[in-house]
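Subject: Structure handover

Hi,

Here is the structure I promised to pass on. Please open it alongside this note.

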Amino acid sequence: MEFKELLGTKMTSGHTAEEVLAIAMKMQQSMALYESGIQEITTKLEILQREAQCKHIHNPIETIKSRVKSIFSIIEKLNRKGYEISMDSVVKNLNDVAGVRVICPYIDDIYVVAERIRRQDDLKVLVEKDYIKNPKPNGYRSYHMVVEVPVFLSDRKQPVRVEIQLRTIAMDFWASLEHQIRYKMEDFVPASIADNLHHCADTISQMDKEMQEIYKEVRALSSEEE
Ligand code: 0O2
């Protein structure tokens, strides 16, 4: 859906296209706060990466990616979920405006990183969803955390919510392609394609488990200490 189309969509909140545009411009000004929240979380994760590199121990973080949700996606999500279209509503109802994706080599690394995040006492963990132990019906796997991080401004301390998605390289491969396919098909994925995607997700999950076992054997054979 393009922004033009969104403006042509009937808003569940009853706003006109002009009102939505004015709200969108106001929202844009608030996005800096979410950028700052991402910066805080990314710094914490980079510190964990650097520590592992310095100590020559296994680094549980392969890659860190981040994004602030576009205003278009924010309005589309508020509208889809039937929430009011306003900045207050974004703060109250959306957890994933600021998103950080942590790609880990192995499944166990995900739980290691999640625990290291939990231990940081300036962060408040608000939500945790384990889509690895409980995959979504379409086969999606990831570990999701919503945390609140303090951002220090010139005159106040502002808590900012950030969604952290933790995945293996394999889970990320599947989720990225599935997302693209779903987008291409405008969310109407035929059953046969959905079945194939589910099958791929299960195959990938099996591979993740096998790679984890291989790594355990490698570690048992090597003298690496952590
Ligand atoms: P995008 O483009 O990545 O931003 P909530 O956010 O808690 O109100 P929701 O959306 O059900 O409710 O939360 P959930 O299930 O934790 O999922 C949030 C995000 O996880 C999604 O954001 C995706 O990034 C990812 N995700 C969840 N399910 C799937 C899936 O089936 N396939 C893929 N590829 N990604 C998924 P957005 O806003 O949908 O998208």
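Ground rules. This is a predicted model, where local features need pLDDT of at least 70, side-chain atom pairs count only at pLDDT 80 or more, and totals for chains, interfaces and linings use all residues. Residues are numbered from 1 along each chain as its sequence is written, and side-chain values use heavy atoms, with hydrogens and water left out.

Overall layout. The protein has seven helices and five strands. These are DSSP runs numbered from the N terminus (helices H or I, at least four residues; strands E, at least two). In sequence order the pattern is α-α-β-α-α-β-α-β-β-β-α-α. The C-alpha trace spans about 65 × 55 × 20 Å along its principal axes. Of the 226 residues, 39% are buried; that means under 20% relative accessible area, with a 1.4 Å probe and protein chains only. Among contacts (heavy atoms within 4.5 Å) with a separation of 6 or more, 66% link residues 24 or more positions apart.

The sheet. Five strands form an open sheet in the order β1-β2-β5-β4-β3, with mixed pairing. Two strands pair if DSSP finds at least two bridges between them. β1 (63–68) and β3 (124–130) are the edge strands; each has a single partner, so one side of each lacks a neighbour in the sheet. Neighbouring strands are turned by 25 degrees against each other on average, direction ignored.

Strand β2 (residues 98–104) runs parallel to β5 (residues 157–168), joined by six bridges. V102 is partnered by L166 of β5. On the other pairing, β4 (residues 143–152) and β5 are antiparallel over 10 bridges. There M145 stands opposite I164 of β5. β4 and β5 form a hairpin, with four residues between them.

Helix α2. Axes here are lines fitted to C-alpha atoms (for helices, over the stretch in contact), and angles run from 0 to 180 degrees between N-to-C directions.

α2 (residues 17–55) also meets α3 (residues 71–80): their axes come within 10 Å and cross at roughly 120 degrees. That angle makes α2 oblique to α3. The classes are roughly parallel under 35 degrees, roughly antiparallel over 145, roughly perpendicular from 65 to 115, and oblique for the rest. V20, A24, M27, Q28 and M31 of α2 make the contact with I71, I74, I75 and L78 of α3. By class, that is eight nonpolar, one polar and no charged residues. Nonpolar covers Ala, Val, Leu, Ile, Met, Phe, Trp, Tyr, Cys and Pro; charged covers Asp, Glu, Lys and Arg; the others, Gly among them, are polar.

Within α3, the buried residues are I71, I74, I75, K77, L78 and N79. G82 follows α3 and has a positive phi, near 75 degrees.

The α6–α7 pair. Helices α6 (residues 169–184) and α7 (residues 191–221) have axes that come within 9 Å and cross at roughly 170 degrees. That makes α6 roughly antiparallel to α7. A170, M171, F173, W174, E178 and I181 of α6 meet I193, L197, C200, A201, I204 and D208 of α7. This contact has 10 nonpolar, no polar and two charged residues.

Best wishes

Key: Buried means under 20% relative accessible area, exposed over 50%, partly exposed in between (1.4 Å probe, protein chains only).
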